[in-house]
Structure formats: C-alpha cells, structure tokens
Amino acid sequence: MPPFFDPDRFLEILQPDRCPLCFLVHDYGQSYLRNLLEEGVTDPKTRDRLLKSRGFCRRHAWRAVAQAQSLGMSILYSHLLSDGLSKLKSLGGWFKKKSPCEVCGAEEAFEKIEAKQFAAAWTHSPQLRSAFAERGLFCLPHLEKTLGGIKKPGDRSLLLKTVEKALEPLFKDLNEFLEKQDYHRSKEAMGPEWDAWIRAVRVVAGERD
C-alpha cells in the first residue's frame, strides 16, 4: 500500500451517523479560513486574491463571523466596502468578473484528495473495510466521488453494499416516521425515528455547516 494512503486517519473518525469526508472537508475549511484571516490578509498577494473574489462566498463569510475573526475580517472587508462603493459610484460594476471564493476552491481541492485517499485505503486495508462495515457511513455525494477512485469492480461493489447496509436503519426509521403521519397512528409518540427525515437530508445532500 502506498505510504501516503493512511487508513488510520479514517479509522479514527468513523461514526455510524456521519460521513467521514464531510467531517474532514469541514474541519479543513475551518482551519484554512482561520489561517487565512490570521495571516493571509496582511500578505499583499493573498489580499489581492481576496479582493478579486470580493471576499468570501456567503457561506464562508458567515463561517468567518462565527469564528469571531474580527481583526482579519475588518481589514479585508474595510477594503471591500471602500472598493465596492467606489466602483458603484463610477458605474464600474462591482460584481463583474468576480473570482471564485478562496475557501471554496481550497475545500474542493482537498475533497478530491481525500476521496482518492479513502478509495486507495479502502482497496488496500481490510481493517478499514471491517471498521466501516461496523460504524461507517457516506453521504451520497462523497460516495460517488469515492467510487470514482476505486478501480476494481469488486471493491466498488463492496463499498456500495456496505453503505446500503448502513442505511437500512435510516430507511426503517423513515418508514416508521411516515406511518405515524397516518391518521390511525398520529397519536403515537415518536421514538428514534423523529429526526429520520433530517438524517435523510444529511445523507443525500451532505452535512450541513
């Protein structure tokens, strides 16, 4: 197995109700954003890229606010506010030719790497396959990305079957939830199925921020 594919990284974060790639990408994005605001805004080249992208996308802008990165955000967004007003006054079209969000780009690149690494680890590590069968789960977007990196049909089929089995409790809870919407069972108290529809959204769309 190639040395840069480390299954232990994935073994440590497997949970029956959480996609490991969603977790890794979110964690990476948070760290990247924090480092960018703590160090990058004072670097002329980085700040120039952030000005060209008009700061961050709405999702990452509010993530930064939630991190309380007040100094870095003040430096960056004071430039953006001044630049935006200036361009609007001159009818220059402030939002024209906007570059992609810096953090989105970093997360997408990291996501591709992690999907490939999990695919390689899945192929070479019986320990990972066994642990994933016990407590693993993928959201569908990351399942698709990971399957694309698995070359052997047998290994792809095994991952699909493993995820399908992991989703059986969710399907059961969804059916129970729906049945309790029927008039004849509407007075029954909800059990663990109460949030099945939320868990279904998480699996289909990926983890929320």
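Student: Which residue lies over the face of F23?

Tutor: R18 does, at 4.0 Å from the ring centre. A charge sits over a ring if NZ of Lys or CZ of Arg is within 6 Å of the ring centre and within 35 degrees of the ring normal. R9 lies over the face of F10 too, at 5.2 Å from the ring centre.

Student: And what am I looking at, in terms of source?

Tutor: This is a predicted model, where local features need pLDDT of at least 70, side-chain atom pairs count only at pLDDT 80 or more, and totals for chains, interfaces and linings use all residues. Residues are numbered from 1 along each chain as its sequence is written, and side-chain values use heavy atoms, with hydrogens and water left out.

Student: OK, rings. How many aromatic pairs are there in the whole structure?

Tutor: Eight. Rings of Phe, Tyr and Trp (its six-membered ring) pair if their centres lie within 6.5 Å; planes under 30 degrees apart count as stacked, over 60 as edge-to-face and the rest as tilted. One of the pairs is Y28 with F110: the centres are 4.1 Å apart and the planes at 5°, so this pair is stacked.

Student: Where do Y28 and F110 sit in the chain?

Tutor: Y28 is in helix α2 (residues 20-39) and F110 in helix α6 (residues 102-124), 82 residues apart. Helices are DSSP runs of H or I with at least four residues, numbered from the N terminus.

Student: Is F110 buried or exposed?

Tutor: Buried, because its relative accessible area is 16%. Buried means under 20%, exposed over 50%, partly exposed in between (1.4 Å probe, protein chains only). Y28, at 28%, counts as partly exposed.

Student: What about F118 and F138, how are their rings arranged?

Tutor: Edge-to-face, because the planes are at 75°, with centres 4.9 Å apart. F118 is in helix α6, while F138 is in the loop between α7 (126-135) and α8 (140-147). F118 is buried at 0% relative accessibility, and F138 is buried with 0% as well. Ring pairs link F10, F118, W122, F132 and F138 into a cluster.

Student: New topic. Where is G206, and what is it in contact with?

Tutor: G206 is in the segment after α11. Leaving aside neighbours within four places in sequence, G206 is in contact with C22, C139 and V201, where contact means heavy atoms within 4.5 Å. At 11% relative accessibility, G206 counts as buried.

Technical notes
Helices (H or I, at least four residues) and strands (E, at least two) are DSSP runs, numbered from the N terminus.
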